[in-house]
Amino acid sequence: MKHFDIIIIGGGPIGIACGIEAKKNGLSYLIIEKGCLVNSLYHYPVNMQFFSSSELLELDKIPFISKENKPRRSEALEYYRRVVTTNELNINLFETVIEAQKDKEGVFHVKTSKDSYTAKDVIIATGFYDIPNPLNIPGEELPKVSHYYTDPHYYAGMNVVVVGASNSSVDAALECYRKGAKVTMVVRDSEISSHVKYWVKPDIENRIKEGSITALFNSNIKEITDNSVVINNNNKEITIKNDFVLALTGYRPNFVFLEQLGVSISNDENRTPTYNTETMETNVTNLYLAGVVCGGLNTHTWFIENSRIHAVTILTHIISKYRYCRF
Ligand SMILES: Cc1cc2nc3c(=O)[nH]c(=O)nc-3n(C[C@H](O)[C@H](O)[C@H](O)COP(=O)(O)OP(=O)(O)OC[C@H]3O[C@@H](n4cnc5c(N)ncnc54)[C@H](O)[C@@H]3O)c2cc1C
């Protein structure tokens, strides 16, 4: 069985940042990623532009040069790939961590879809993009319904309902409209979210005002059928013609996985995982959380720009343990 000082679960930006810090500190480590490198970013919309400027997405002060101030998905893929290859990080791709359990000696046994490993410390950097928040309505399982949006061309000439009014929904609505789709936004609140990128918000508001995009505010989607959707609009039920539904209602961390690893989840409305904010260590000794997974259901708390620091915090704590005889 292969043994490492640290196993890092998740090869997103923050898992990579943890790998860099482990390497800089001379520790043996392995990053295990269930998909391709920066799997979540790879699955973002193809034309997506970050709300952060490129220097705020940099890891270990390695310069991130982008054409515009705020980089595009393709530039971020290029950047993080170069960071991994230049640093020769130890990373296994397309390998899923299934479970990690600690034995009586405090050693973690990590089982994956391909192998088994042992480690003194484990860092969970699994993000939140794998599990969409469900609508829980009839018809959600139809093939025309998707919780992920990638490319507008697919929807040209079709009746598309976009559920939600956050950045993802607004980007999807604008792009699909500009490629010839007839877009209806179904929005629970009475206006477009205040989190929407400041340079995009006027665009969507003006498209709604001029009638190019229909927005049904104070509305909930109630049922999806093969060729229509039923909407509760200001307490009145309406049915509209529909070909595709983009249910962009956000995502959530894999709580089952966290609990399986022994991490307690708080009972607050955000279901925040338990960790020490000064060390990032969870209630399980030597098990750490890093990146956006820390926010629980509140996926607006942590981003790349404010969670990349977790790597240094965790490695500082791990290194401090080596000063007092370990193993
Ligand atoms: C559309 C969108 C736009 C965003 N724009 C910005 C922005 O402009 N600026 C910013 O700072 N942040 C932004 N964010 C937030 C941030 O980019 C992401 O949440 C970021 O990916 C977080 O990095 P992470 O490493 O914590 O998690 P992730 O990038 O999600 O990485 C987690 C990784 O863990 C892997 N994984 C999960 N479970 C397992 C398992 N069991 N075994 C092995 N691997 C596993 C996943 O495949 C994934 O690759 C955006 C998010 C979205 C959705």
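Helices are DSSP runs of H or I with at least four residues, and strands are runs of E with at least two, both numbered from the N terminus.

## Basis of the model

The model is predicted, with local features requiring pLDDT of at least 70 and side-chain atom pairs counted only at pLDDT 80 or more, while totals for chains, interfaces and linings use all residues. Residues are numbered from 1 along each chain as its sequence is written, and side-chain values use heavy atoms, leaving out hydrogens and water.

## Ligand shell

## Polar contacts and cover

Polar contacts are pairs of N or O atoms within 3.5 Å. A backbone N or O atom of Phe-51 lies 2.6 Å from a ligand oxygen atom, and a polar side-chain atom of Asn-39 lies 3.0 Å from an oxygen atom of the ligand. In Ser-52, a side-chain N or O atom is 2.6 Å from a nitrogen atom of the ligand. Of the 990 Å² of accessible area that the ligand has on its own, the protein covers 93% (Shrake-Rupley method, 1.4 Å probe).

## A three-stranded sheet

Strands β12, β13 and β14 form an open antiparallel sheet in the order β12-β13-β14, where pairing requires at least two DSSP bridges between two strands. Because β12 (219–224) and β14 (236–241) stand at the edges with a single partner strand each, one side of each has no neighbour in the sheet.

Strand β13 (residues 228–233) pairs with β14 over 6 bridges in the antiparallel sense. Val-229 stands opposite Ile-240 in β14.

Terms used: Polar contact = N/O pair within 3.5 Å; in protein donor to acceptor, adjacent residues only side chain to side chain.
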